[in-house]
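Hi,

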Amino acid sequence: MRSHSPSCSVTKFLILLLAFVETSFGGQTTILHTNDDGWAVANIRAQDSALKAAGYDVVLVAPAENESGTGSSDAPASVVGSGGCEFDTCPAGAPATGFNASDPRFNYVNSFPVTTVRFGIQTVAPKFFRGARPDFVVSGPNVGTNLGSVTINSGTVGAACEAAKEGVPSVAFSAQTGSQISFTTLATPSNLTSAAEVYAALGVRLVTALIPPFDLFSIFEGPVLPRNITLNVNYPATNSVNCSSARDFRFVLTRVFAANDTTPPDVRTCGSDRLPTEDSVNAMPGCLATVSVMDAVTKADTTARNQQAVLDKLRGFLTCA
């Protein structure tokens, strides 16, 4: 008769338990990726590649054309017009929604960012994520920063806010250096493509701090972000001399709007209960990226309690200005 040691039985049990958790709940973090600059711009494709390389399960759903500055505008998707999709990535008269024939994980929606991200969450994501919504939404990086009052009209921020209102935690990334160039330019090194790669690496750093690419026990953990809360993240300029590597950057907790005499205190950190504004930190030297905690419904700064939740989540990751 063959005997079995207790340790062997325990090992087998743990292996079966892990297999059950992974099969039932999925161990790989799923991300829906969107923006307002369009599905074929260099920034979004660089970020998409970086997230996938880091181990995330990513599906891209973004506007067919550049929809910058459209805020939270919303309208049904329509047949692609005479100009086709941006950078000739789909022809005139193409369907209102579509995908890359060689890689169906690249999807376009011929409408605003808000419409696009909702379609991605409700319709596209379940096709790839076992019938479920994504664990997280990444919007951007936007070509150009979205600081202070500019956030109100930003489609990148609008998409992130819409995701949060749909019940999916989200972040909006925006970057100072960049241009509206095709993803095909990433194959040829330049200052602009280098910037796209640096910002993509920074995006992975923050997303990983919030929600790792593999987390078998996420069902036992708290929410990634509080309900109806999104993060507005802005990167300063990068070039071959200054802030040339993602390792050069630090992340600072900030406010979107300046406080006044009647503004309630912010979360207490860095020796103060008043956070610096995005604009003020963005203007400082030292490769400082800003992280503001936004109310997705009002697009305003949120409460100290919600700021505290983010601070706790990113403790050890954030720094003082």
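Cys287 is buried, at 13% relative accessibility, where buried means under 20% relative accessible area, exposed over 50% and partly exposed in between (1.4 Å probe, protein chains only). Its disulfide partner is Cys243, with the two sulfur atoms 2.1 Å apart; the cut-off for calling a disulfide is a pair of cysteine sulfur atoms within 2.5 Å. The torsion about that S-S bond is about -95°, so the Cys243 and Cys287 disulfide is left-handed. The pair connects distant parts of the chain, 44 residues apart: Cys243 sits in the loop between strand E7 (229-235) and strand E8 (250-254), and Cys287 in the loop between helix H6 (278-282) and strand E9 (288-295). Helices (H or I, at least four residues) and strands (E, at least two) are DSSP runs, numbered from the N terminus. Cys243 is buried too, with a relative accessible area of 11%.

Before you go further: this is a predicted model, and local features need pLDDT of at least 70, side-chain atom pairs count only at pLDDT 80 or more, while totals for chains, interfaces and linings use all residues. Residues are numbered from 1 along each chain as its sequence is written, and side-chain values use heavy atoms, with hydrogens and water left out.

Back to the sulfurs. The disulfide count comes to three. Another of them joins Cys270 to Cys320, S to S 2.0 Å, and with -95° about the S-S bond this link is left-handed. Cys270 lies in the loop between E8 and H6 and Cys320 in the segment after strand E10 (318-319), so this bond ties together parts that are 50 residues apart in sequence. Here the cysteines are partly exposed: Cys270 has a relative accessible area of 47% and Cys320 one of 36%.

Then there is Cys85 with Cys90, sulfur atoms 1.9 Å apart. The torsion there is about 75°, so this disulfide is right-handed. Cys85 is buried at 2% relative accessible area, and Cys90 is buried at 9%. Counting bonded cysteines along the chain, the pattern reads 1-2, 3-5, 4-6. One more cysteine for your list is Cys161, buried with a relative accessible area of 1%.

Now the rings. How many aromatic pairs does a search of the whole structure find? It finds five, pairing rings of Phe, Tyr and Trp (its six-membered ring) if their centres lie within 6.5 Å, with planes under 30 degrees apart counted as stacked, over 60 as edge-to-face and the rest as tilted. Phe173 and Tyr235 have ring centres 5.8 Å apart and planes at 15°, so they are stacked. Phe173 is in strand E6 (residues 170-175) and Tyr235 in strand E7, so the pair ties together parts that are 62 residues apart in sequence. Phe173 is buried at 0% relative accessible area, and Tyr235 is buried at 0%. Tyr235 also stacks with Tyr199, 5.2 Å centre to centre and 5° between the planes. Tyr199 belongs to helix H5 (residues 191-210) and is buried at 0%. Ring pairs join Phe173, Tyr199, Tyr235, Phe251 and Phe317 into a cluster.

Last item, Arg45. It lies over the face of Trp39, 5.6 Å from the ring centre, and over the face of Phe183, at 4.3 Å. The test is NZ of Lys or CZ of Arg within 6 Å of the ring centre and within 35 degrees of the ring normal.

Cheers
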